[in-house]
Amino acid sequence: MSECASNPDKKNNDAVKPPPGLKAIIDHLFQMYPDQPNPLQVTTLLKYWLGGQDPLDYISMYNNNGDPEKNVPPHWHYISFGLSDLHGDERVHMRSTEEQSTRSGMGFELTFRLAKTKAEIQQQSECPEKPLRPPTWPANLLQSIGRYCFQTGNGLCFGDNIPWRKSLDGSPANSPLQSLLVAQDPQLGCIETPFGTVDFCQIVGVFEDELEQASRWNGRGVLNFLRRDVQTGGEWLVTNMQRNRSVFDLFPETLLHLQDDLEKQGSDLAGVNAEFTFKEIKPRKVIKEEIDFQSLNERCASEENNRQTLTESQVKREEPSFPQSMSLSNNSLHKSCPLDFQPQAPDCISLDGIEITLAPSVAKYLLLAIKDRIRHGRHFTFKAQHLALTFVAETVTGAAVNINEPYGVLGYWIQVLIPSDLVPRMMADFRNAHLDESTEPAQRMEYDWPDKNFRLIVDEPVCLLPPPQSAMSLDAA
């Protein structure tokens with residue numbers, strides 16, 4: 001990428017007319033910043049559709065003086081161009097075939113607000129005629145998130161959380177701001193373009209404990225706490241890299257409010273990435289085909305490998321920087337399949353009983369799944385590489401399982417119905433084992449509910465190695 005000082009719409013306006021999607025965003029930004037028709041920009045030298053690695057064509061950087069009356073400090077405002085459809089000619093975004101789809105491209109653009117340092121504010125006050133140059137590292141941050149969205153096809157929603165696990169500015173310094181939440185940009189909101197709607201998703205830097213509570217409860221609630229004071233972002237959620245205390249350190253009472261709301265409302269966290277295995281618990285006489293984690297995983301990997309995919313010359317994929325967000329608070333599984341690949345109209349295979357082995361690293365989510373999701377009539381998913389395991393409450397609609405057949409396999413999606421009378425027993429068992437603590441269990445744990453034909457083991461899942469020919473297929477996938 002290289003930095004430039006021209007806006008693609010305002011410079012050479014008579015010579016080059018910008019494409020409609022691009023122009024719609026530029027016009028919207030001009031309404032917000034009429035005094036900055038030509039903001040500094042970071043732009044890609046080699047566009048994505050020409051084989052470049054960076055999917056965001058431009059990132060504009062605006063000087064925002066803030067608003068003391070609204071608890072908005074002076075800051076830099078960064079806005080991306082490229083996740084929405086800028087051109088409308090399918091060079092980047094294919095037109096959706098869904099009749100009800102009204103989104104432009106992926107339906108959103110990214111924004112970021114960075115608080116100015118004291119030195120920058122002083123320099124601007126002493127030499128107002130000398131323009132300041134904003135830091136460009138936030139552009140790299142937005143580009144990395146945009147790259148993840150393109151490579152995985154995953155969009156972002158307001159309230160989502162991103163465990164970045166490193167300093168946002170890429171410096172080796174151990175900054176406490178190493179996680180992100182997603183909010184609606186308070187200035188830009190949502191607009192209509194010739195190719196559909198575009199939401200402006202603002203990326204907000206947060207502390208680890210703020211991320212943890214956003215995961216356990218809901219991201220929007222934590223964002224509301226951050227808005228209350230200028231130290232933690234103010235009304236417009238401005239990220240301050242000099243902040244050294246979390247909102248729960250500054251205002252301890254907020255944590256008590258959060259815990260009370262979590263008890264009353266439940267959690268918005270609908271799932272986590274997790275390694276697991278399963279096998280059917282059968283009666284003495286076997287009446288169904290044998291099905292377990294290994295056979296299902298191998299079948300899925302083989303089918304995925306045989307699907308027609310884009311060649312490496314069409315798209316280059318890298319390992320995503322952060323896991324797929326799964327913050328769905330509703331109590332329905334309609335159109336909520338957590339899998340990237342699922343056979344069309346699969347039949348559900350009912351299991352007599354089920355034994356699940358779950359990795360210790362996600363054991364702390366078991367109590368949350370039952371207490372803060374299932375107890376509130378929702379669902380919770382553990383997602384492995386090819387398969388997904390979803391716990392379902394009795395009142396969840398759209399599930400393939402029911403009270404009479406509580407265990408089933410729908411394609412590559414394992415569903416387990418947790419009946420209401422089992423919820424308090426599971427909560428008690430998990431609490432007695434201290435699974436609500438953040439530390440991983442140091443030893444194997446087993447929970448057995450024989451009357452439900454249901455067994456849960458917390459241990460490292462062990463899957464036997466497939467035959468050599470299958471291993472080649474898995475590697476290729």
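The count of disulfides comes to zero, a disulfide being a pair of cysteine sulfur atoms within 2.5 Å. The structure is a predicted model, in which local features need pLDDT of at least 70, side-chain atom pairs count only at pLDDT 80 or more, and totals for chains, interfaces and linings use all residues. Residues are numbered from 1 along each chain as its sequence is written, and side-chain values use heavy atoms, with hydrogens and water left out.

- Cysteine 149 is in no disulfide, and the nearest cysteine sulfur, that of cysteine 201, is 8.6 Å away.
- Cysteine 149 is buried, with a relative accessible area of 0%; buried means under 20% relative accessible area, exposed over 50% and partly exposed in between, for a 1.4 Å probe and protein chains only.
- Cysteine 201 has its closest cysteine sulfur in cysteine 157, at 7.4 Å, which is too far for a bond.
- Cysteine 201 is also buried, with a relative accessible area of 2%.

**Nonpolar cores**

- The largest nonpolar core has 47 residues; such a core is a set of buried Ala, Val, Leu, Ile, Met, Phe, Trp, Tyr and Cys residues joined through side-chain atoms within 4.5 Å.
- Helix α9 (residues 364-373) gives the most to this core, with six residues; helices (H or I, at least four residues) and strands (E, at least two) are DSSP runs, numbered from the N terminus.
- The residues with the most contacts inside the largest core are Phe382, Phe391, Val416, Ile418, Phe430 and Phe454.
- Phenylalanine 454 touches, among others, Ile354, Ile356, Phe391, Tyr407, Val416 and Ile418, leaving aside residues up to four places away in sequence; contact means heavy atoms within 4.5 Å.
- In soluble globular proteins, nonpolar side chains tend to be buried together.

**The six-stranded sheet**

- Six strands form an open sheet with mixed pairing, in the order β10-β14-β15-β17-β16-β12; two strands pair if DSSP finds at least two bridges between them.
- Strands β10 (271-273) and β12 (348-350) stand at the edges with a single partner strand each, so one side of each has no neighbour in the sheet.
- From one strand to the next, the twist averages 20°; axes are lines fitted to C-alpha atoms, for helices over the stretch in contact, and angles run from 0 to 180 degrees between N-to-C directions.
- Strands β15 (residues 388-393) and β17 (residues 413-418) run parallel and are joined by six bridges, with alanine 388 opposite tryptophan 413.
- Strand β16 (residues 407-410) runs antiparallel to β17 and is joined to it by four bridges; tyrosine 407 has valine 416 as its bridge partner in β17.
- The hairpin of β16 and β17 has two residues between the strands, and glycine 411 takes a positive phi near 65° there.
- In β17, six of its six residues are buried: Trp413, Gln415 and Leu417 on one side, and Ile414, Val416 and Ile418 on the other.
- Helix α9 lies across β10, β14 (379-383), β15 and β17, at about 155° to β14.

**The four-stranded sheet**

- A second open sheet has four strands in the order β11-β13-β19-β18, with mixed pairing.
- Its edge strands, β11 (276-280) and β18 (445-449), each pair on one side only.
- Neighbouring strands of this sheet are turned by 10° against each other on average, direction ignored.
- Strand β18 is joined to β19 (residues 454-458) by five bridges, and the two run antiparallel; glutamate 446 has isoleucine 457 as its bridge partner in β19.
- Helix α10 (residues 423-432) lies across β18 and β19, running at about 160° to β18.

- The axes of helix α4 (residues 208-216) and helix α5 (residues 219-227) come within 7 Å and cross at roughly 140°.
- This makes α4 oblique to α5, since angles under 35 degrees count as roughly parallel, over 145 as roughly antiparallel, 65 to 115 as roughly perpendicular and the rest as oblique.
- The contact is made by Glu210, Gln213 and Ala214 of α4 with Gly219, Val222 and Leu226 of α5.
- Threonine 254 lies in helix α7 (residues 253-265) and is buried, with a relative accessible area of 3%.
- Threonine 254 touches Phe225, Arg228, Val247 and Phe248, not counting residues up to four places away in sequence.
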